[in-house]
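Thanks for coming, everyone. Please have the sequence and the structure open while I talk.

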Amino acid sequence: MKVVVTRKIPGNGVKMLQDAGYEVVVGEQDGPMDRAQLLEFIKGADGVLGQLTDKVDEEYLNAAGPQLKIVANYAVGFDNFDLPALSSHNVIGTNTPDVLTEAVAEHAFALIMAITRRIVEAHKLARTQSSSFGPEVMLGMELKGKVLGVLGLGRIGSRVAEIGKAMGMNIIYYDIKQNPDFEAKVGAEFKATPDELLSISDVVSIHVPLLDSTKHLINADRLKMMKPTAYLVNTSRGPVVAEAELVEALKNKVIAGAALDVGETEPKWVPGLVELDNVVLTPHIASATNEARSAMGELAAENIIEVLNERPPKTPVKKP
Ligand code: DGY
């Protein structure tokens, strides 16, 4: 059987597939394949270990052929999957939950600290001027005692809340489902609407999946609900934030700042964003630790091996 890995990955995932006896073909290109290349590359595959940049839809499934049994996404998010198309082709989709929770939550916190303590601005200043103390130089915001609003209390949102609690923050959260056990464990408070959360948070960290209902969840109107001293952090999916509206809000100091690991128009940022001082940007690297990225490949490989052996996968995607 043939397994296609659409981009090089760290760790033992490819070796696991080779050891299982499959013909394994790995895309050796730098960066994602363009669509025509991808459609050609997956032809005849029984299983694909794919990237979140690979849109898995009718066209993709037809190009792969009727022997295809599984597409294992190298990501926890699977908004690149057309779920009805996968089920009409009898193809199983899997993702990589849990193994990247810590990496993404730690990165969300790195961004929270970077934007509230102006680390990137300060780094630029230190490199261009003498590095000296000044009573009013680079004043930022302390986190202890501040309100951390977690939008989406899944695995990653929960871990971010725990880290925030350990930093002495007051935790509030919004999710479609209230979680009393988590509230008791972490001392978090549920807010029944995103609007309630936005209006009282000092830092808002976004952890919702990208769905029709969450696209542009944060728009100009909702940014106006936030405190002018508050910060927005996004490590989920770019289109959850209407980024052109965020640029305007940042320019007009509607909020104090934003830190983004994901962009609405990846791989490019929306016009006007990179020029601003009150933003910190990273290029979709929240899960980029050796530990997480290796484990993601290994979990994806395990899912492929299970399905090609006619067993259920460990982590099938579930309709959100
Ligand atoms: C994911 O897994 O969905 C991240 O965005 C990439 O690791």
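Which residues does Ser236 touch, not counting residues up to four places away in sequence? The answer is Ile206, His207, Val208 and Val262. Before I go on, please keep in mind that this is a predicted model.

Let me stay with Ser236. It sits in the loop between β10, residues 231–234, and α11, residues 243–251. Ser236 counts as buried, because its relative accessibility is 8%. Its side chain also has a polar partner: the side chain of Asn234, at 2.7 Å.

Second, Arg237 uses its side chain, with an N or O atom 2.6 Å from an oxygen atom of the ligand. Third, His284 places a polar side-chain atom 2.7 Å from a ligand oxygen. How much of the ligand's accessible area does the protein cover? On its own the ligand has 230 Å², and the protein covers 92% of that.

Next, Phe78. This residue is in the loop between β4, residues 70–73, and α4, residues 83–88. Is Phe78 buried or exposed? Buried, since its relative accessible area is 16% and the cut-off for buried is under 20%. Leaving out residues up to four places away in sequence, Phe78 touches Asn73, Leu83, Asn95, Val317, Lys318 and Pro320. For a sense of distance, take Ser201: it is 123 residues from Phe78 in sequence, and the two C-alpha atoms are 29 Å apart.

The largest nonpolar core has 51 residues. Which of them have the most contacts inside it? Leu17 and Leu148. Helix α5, residues 101–116, supplies the largest share of this core, with nine residues. There is also a second, separate core of 28 residues, and Val147, Leu151, Val204 and Ala230 are among its members.

Look at Leu148 in detail. Beyond four places in sequence, its contacts include Phe109 and Ile112. They also include Val160, Ala161 and Gly164. Then come Met169, Asn170, Ile171 and Ile172. Ser201, Val203 and Ser205 complete the list.

Now Asp202. We find it in the loop between α9, residues 194–200, and β9, residues 203–206. Asp202 is an acidic side chain, so where does it sit, buried or exposed? Buried, because its relative accessible area is 8%. Its side chain makes a polar contact with the side chain of Lys227, at 2.9 Å. Apart from residues up to four places away in sequence, Asp202 touches Met141, Lys146, Val147, Lys227, Thr229, Ala230 and Tyr231. Gly149 is 53 residues away along the chain, yet its C-alpha is 7.5 Å from that of Asp202.

Lys165 is another case. It belongs to helix α7, residues 155–166. With 35% relative accessibility, Lys165 counts as partly exposed. Which residues does it contact, leaving aside neighbours within four places in sequence? Ile171, Val186 and Gly187. Lys165 and Gly187 are 22 residues apart in sequence, and their C-alpha atoms are 8.2 Å apart.

Last topic: backbone geometry. Where is the cis peptide bond? Between Glu266 and Pro267, with omega at about 5 degrees. Pro267 is in the loop between β11, residues 257–260, and β12, residues 279–281.

Two non-glycine residues have positive phi. Lys253 is one, at about 55 degrees. It lies in the loop between α11 and β11. Lys253 is exposed, because its relative accessible area is 56%. Glu310 also has a positive phi, about 60 degrees, and is not a glycine. Glu310 is in the segment after α12, residues 290–308. At 75% relative accessibility, Glu310 counts as exposed.

That is my tour. Over to you for discussion.

Conventions
Residues numbered from 1 in each chain as written. Predicted model: local features only at pLDDT ≥ 70, side-chain atom pairs only at ≥ 80, totals over all residues. Heavy atoms only, no water. Polar contact = N/O pair within 3.5 Å; in protein donor to acceptor, adjacent residues only side chain to side chain. Areas by Shrake-Rupley, 256 points an atom, 1.4 Å probe, with all protein chains shown as cover. Core = buried A, V, L, I, M, F, W, Y, C linked by side-chain atoms within 4.5 Å. Buried < 20%, exposed > 50% of the residue type's maximum accessible area, 1.4 Å probe, protein only. Helix = DSSP H or I, 4+ residues; strand = E, 2+ residues; numbered from the N terminus. Contact = heavy atoms within 4.5 Å.
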